[in-house]
Amino acid sequence: MIKVLILFIVLIAGIILGPLLAGHQGYVFIRTDDYDITTSVTSLVLSFILLQFVLLFLGWCYRRFISTTSRTKGWVSGRKYHKAHTQTQKALLKLAEGDFEQVEKLMSKHAELSQQPVVNYLLAAEAAQQRGDEYRTHQYLDRAAEAAGNDQLPVDISRVRIQLAEGEVHAARNGIDRLIDQAPRHPEILRLAEQAYLRSGAYQALIELLPVMAKVQLHNEDELDALKLKAYKGLMNQCMAEGGSEGLRKWWKTQPRKVRNETALQSFLAEHLIECGDTMSAEKIIIDGLKQQYDERLLVLAPRLNSEQPEVIEKTLLQLLKQNGATPLLNSTLGLLALQHAQWEKAEAYFKAALAQRFDAHDAAWLADAYDKLHKPNEAAKIRQEALIHSLKKERS
């Protein structure tokens with residue numbers, strides 16, 4: 001603006017002073033190697049002013065061109081960003097429909113222009129995995145890792161999830177171990193760790209995570225208890241496979257008192273010992289557990305012992321009978337022990353007591369066996385008929 005003002009001042013001065021100096025213009029002589037240029041001072045000044053106007057005009061044209069180009073580029077870029085956003089929205093709808101081919105196509109196209117390119121690539125990877133395209137799955141994961149920069153956590157979580165879906169359990173286990181070191185309380189990492197550890201047989205690692213799962217409330221109390229029992233049962237299976245009953249006993253001795261006092265784990269251990277043929281150790285576990293408290297999970301294992309000294313287990317059960325009162329299962333268990341050792345009268349009494357509390361087809365069948373041994377065919381036929389009628393009614397209902 002100042003330049004234009006100066007030029008106008010010079011122009012006005014030229015118009016005023018020009019006529020005054022018309023007779024005193026003087027001249028300018030410029031010589032080069034090939035040319036001689038002769039002109040008046042006034043003409044030179046006017047040429048200079050005209051040149052300045054030409055330069056200003058060219059500068060204005062250049063700025064106009066640059067401004068137009070920038071607006072054009074901005075319009076094109078804005079259109080691309082808008083298109084990328086629209087495709088992402090369509091992909092999310094296709095994801096809800098389960099059309100994974102379209103999800104992959106829409107998420108990957110113009111992903112670099114979307115607001116969250118990492119999310120686009122990860123969803124495209126999930127969609128490709130659902131279609132079974134392993135090559136594209138890992139290609140999208142690599143692109144997501146490049147776009148994520150230093151924040152690789154979401155990419156690593158998606159990678160582990162995809163590895164589990166593809167059956168790469170050991171690779172997922174290694175990935176989970178690293179993720180737990182980075183974010184030990186991340187809910188999704190804990191969920192994936194649960195799957196990876198269960199499928200890879202890393203039961204001890206899963207047990208160590210249970211307190212963290214409880215703190216972040218990943219599962220409710222009942223679900224956590226079920227998960228803990230599942231993990232301990234898996235550990236017992238491993239110990240039994242590697243060392244038999246001796247391996248089980250050694251492992252059990254190394255457990256904290258709190259673990260050894262859990263009735264559910266006592267029943268699991270006793271069941272495994274029975275499977276190994278170590279009924280003496282199983283009997284000790286069952287008796288010790290029942291002395292602590294009445295628990296039907298231990299009680300149902302008693303008839304499987306086939307103990308050579310039934311009076312020991314019978315004494316424990318009778319003590320329970322006094323302390324907790326008669327229950328159908330307790331009477332039924334005592335009846336089975338009596339049957340195993342040919343104590344027919346006792347078996348008859350216990351099964352009658354159990355059936356008086358609730359009708360059970362198994363107890364009825366065992367009572368009929370006791371009647372047969374006692375040479376009471378009419379009673380045996382009658383109880384079998386009642387059991388049959390009860391079974392038919394139950395099937396109809």
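Ala342 is partly exposed, with a relative accessible area of 43%, where partly exposed lies between buried, under 20% relative accessible area, and exposed, over 50%, computed with a 1.4 Å probe on protein chains only. Ala342 sits in the loop between α16 and α17 (344-357), and it has a positive phi of about 60° although it is not a glycine. The model is a predicted one, in which local features need pLDDT of at least 70 and side-chain atom pairs count only at pLDDT 80 or more, whereas totals for chains, interfaces and linings use all residues. Residues are numbered from 1 along each chain as its sequence is written, and side-chain values use heavy atoms, with hydrogens and water left out.

**Overall make-up**

- The secondary structure of the protein comes to 19 helices and two strands, which are DSSP runs numbered from the N terminus, with helices being H or I of at least four residues and strands being E of at least two.
- Of the 397 residues of the protein, 35% count as buried, and the protein exposes about 24,600 Å², of which carbon and sulfur atoms supply 56%; accessible areas come from the Shrake-Rupley method with a 1.4 Å probe, and for residues only the protein chains shown count as cover.
- Among the contacts in the protein with a separation of 6 or more, 50% are accounted for by residues 24 or more positions apart, a contact meaning heavy atoms within 4.5 Å.

**Largest pocket**

- The largest pocket holds about 370 Å³ of space; a pocket is an open set of points on a 1 Å grid over the protein atoms alone, with protein on both sides within 12 Å along at least five of seven lines, while a cavity is a set of points where a 1.4 Å probe fits but cannot get out, and lining residues have an atom within 4 Å of a point.
- For such volumes, grid points are joined across faces, edges and corners, and the volume is the space filled by probe spheres set on the points.
- The lining of the largest pocket has 15 residues, of which Trp252, Arg260, Lys284, Ile285 and Asp288 lie nearest its centre.
- At least two lining residues of the largest pocket come from each of α10 (221-253), α11 (257-260), α12 (263-275) and α13 (279-292), and α13 gives the largest share, six residues.
- By class, the lining of the largest pocket divides into four nonpolar, five polar and six charged residues, where Ala, Val, Leu, Ile, Met, Phe, Trp, Tyr, Cys and Pro count as nonpolar, Asp, Glu, Lys and Arg as charged, and the others, Gly among them, as polar.

**Cavity**

- The structure holds one cavity of 30 Å³ or more, and the largest cavity has a volume of about 40 Å³.
- Pro310, Glu314, Leu334, Leu337, Ala338 and Gln343 line the largest cavity, and the elements that give two or more residues to this lining are α15 (310-324) and α16 (328-340).
- The largest share of the lining of the largest cavity, three residues, comes from α16, and the lining has four nonpolar, one polar and one charged residues.

**Nonpolar cores**

- The largest nonpolar core has 58 residues, of which Ile176, Tyr197, Met213, Met236, Ile286 and Leu317 touch the most other members; such a core is a set of buried Ala, Val, Leu, Ile, Met, Phe, Trp, Tyr and Cys residues joined through side-chain atoms within 4.5 Å.
- α10 gives the most to this core, with 10 residues, and apart from it lies another core, of 14 residues, among them Ala347, Leu355, Ala370 and Tyr371.
- Not counting residues up to four places away in sequence, Leu317 touches Leu290, Leu299, Leu330, Thr333, Leu334 and Leu337.

**Individual residues**

- Phe268, in helix α12, counts as buried at 16% relative accessibility, and, leaving aside its neighbours within four places in sequence, Phe268 is in contact with Leu229, Lys233 and Met236.
- Phe268 and Leu229 are 39 residues apart in sequence and 8.7 Å apart in space, C-alpha to C-alpha.
- Asp295, found in the loop between α13 and α14 (296-299), counts as buried at 11% relative accessibility and touches Thr263 and Leu290, not counting residues up to four places away in sequence.
- Gly277, in the loop between α12 and α13, is exposed, with a relative accessible area of 53%.
- His375 lies in the loop between α18 (361-373) and α19 (377-396), counts as exposed at 71% relative accessibility, and has a phi near 60°, a positive value in a residue other than glycine.
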